[in-house]
Amino acid sequence: MMTGLRTIKDQETAIAILQRGLQFDKLHHAYLFEGPPGVGKQLTALALALAINCDSEKDGCGECIHCRKLLKGNHPDYLELTPPDGKRNILIDGVREAEAWIRMRPHEGKARILVIAPADAMTESAANALLKTLEEPRRGNYIILVTAASSSLLPTVRSRCQSVRFHALSEQTVLEILISGGMSEDDAKLLASVSRGSMETATQFRSEEVSGRVALVSQLLEGASSRIPDLALDAASKIRDRGEAIAVLELLLVVMEALLRIRAGARSDSGTKLIFGDLLGKLQNGSVQIAASHVAAIHRALVSIQRNNMNPQLALEGMIMNMRSRQKDDFWSRIGAK
Ligand SMILES: [Zn+2]
């Protein structure tokens, strides 16, 4: 159970900065918590609110009235500003309301804490409206901006906050959190291994968005190894935007890496099905050399899209062709060897 900053995992540097601020009464009035998604930034914001408002301890006892209300999400001096349900952006109206709120004295606790997450969801006008309050909120109140994409914040917003950096969690930490949430050890191990240190990535493998991607990945791989490439090209044509192409390619890498691990003797446990369904079973016949060359082709496509700004469609088609030619080579070399 989370009760304070001391319980946040794998973010020693960030926590040390905040603990020093608390200890010497030198907290900054506006923080920017930046780092990958799903590594504890919002949890840390809440932990800081506990530490500030707790009645009995310097770091949140978890039991006093303030701690309990904060943990339950009904403390009147803690506000999370997020995009409205079903929307992507935080609009100027939302920011104006939050500003009026943070300018008031705390109702019950020692300080009001406003958390804006994700801060990069603010429209430009919303962000501009926040500038003055970011510079001088009511004395003793705090604003915490949370983002996984700080480069997309206005420089004027960034410069008014003290930056606190967060990093990827260790695989072991992701594993422990998943198990403590009630997941079986096998499933948790698998998800942790593909999480890249992010709880968000680990849990999104169970979402619908990702099952759609798994279907695309499956078509790409089947099409790449069948006589006619139509299935793969068709799958590629469904992927229109750059972000989606990158997500699918990264998932493809995860699949190929899992396949190589299984080929290297790792147990293919029930958890594998959690993500990939029958896909890995279908792929088990291909050679390790093919899998390895597929990995190289996927990497090339990723680089083309990410660094060289290549049209995602072209990059994907190129990848499919690369995969197919390697497959042919393999076929001829096997024939030749006989
Ligand atoms: Zn307390």
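Tutor: C67 is buried, at a relative accessible area of 1%. Buried means under 20% relative accessible area, with a 1.4 Å probe and protein chains only. This is a predicted model: local features need pLDDT of at least 70, side-chain atom pairs count only at pLDDT 80 or more, and totals for chains, interfaces and linings use all residues. Residues are numbered from 1 along each chain as its sequence is written, and side-chain values use heavy atoms, without hydrogens and water.

Student: What coordinates the zinc ion?

Tutor: The SG atoms of C54, C61, C64 and C67, at 2.2 to 2.4 Å. Donors are N, O and S atoms within 2.8 Å of the metal (3.2 Å for Na, K and Ca); water is not among the atoms, so sites may look incomplete.

Student: And how are the donor residues spaced in sequence?

Tutor: The pattern is C-x6-C-x2-C-x2-C. C61 is buried too, with a relative accessible area of 16%.

Student: Why is the arrangement around the zinc ion tetrahedral?

Tutor: The four donor atoms subtend angles of 103 to 117 degrees, which makes it tetrahedral. The cut-off for four donors is all angles between 85 and 135 degrees.

Student: New topic. How many aromatic pairs are there?

Tutor: Two. Rings of Phe, Tyr and Trp (its six-membered ring) pair if their centres lie within 6.5 Å; planes under 30 degrees apart count as stacked, over 60 as edge-to-face and the rest as tilted. Y31 and F33 are tilted, 6.2 Å centre to centre, with 50 degrees between the planes. F33 and F166 are also tilted, at 5.2 Å and 45 degrees.

Student: Is F166 buried or exposed?

Tutor: F166 is buried, at 3% relative accessible area.

Conventions
Four donors count as tetrahedral if all angles lie between 85 and 135 degrees; four count as square planar and six as octahedral if opposite donors are over 155 degrees apart and all others between 65 and 115; anything else is irregular. Buried means under 20% relative accessible area, exposed over 50%, partly exposed in between (1.4 Å probe, protein chains only).
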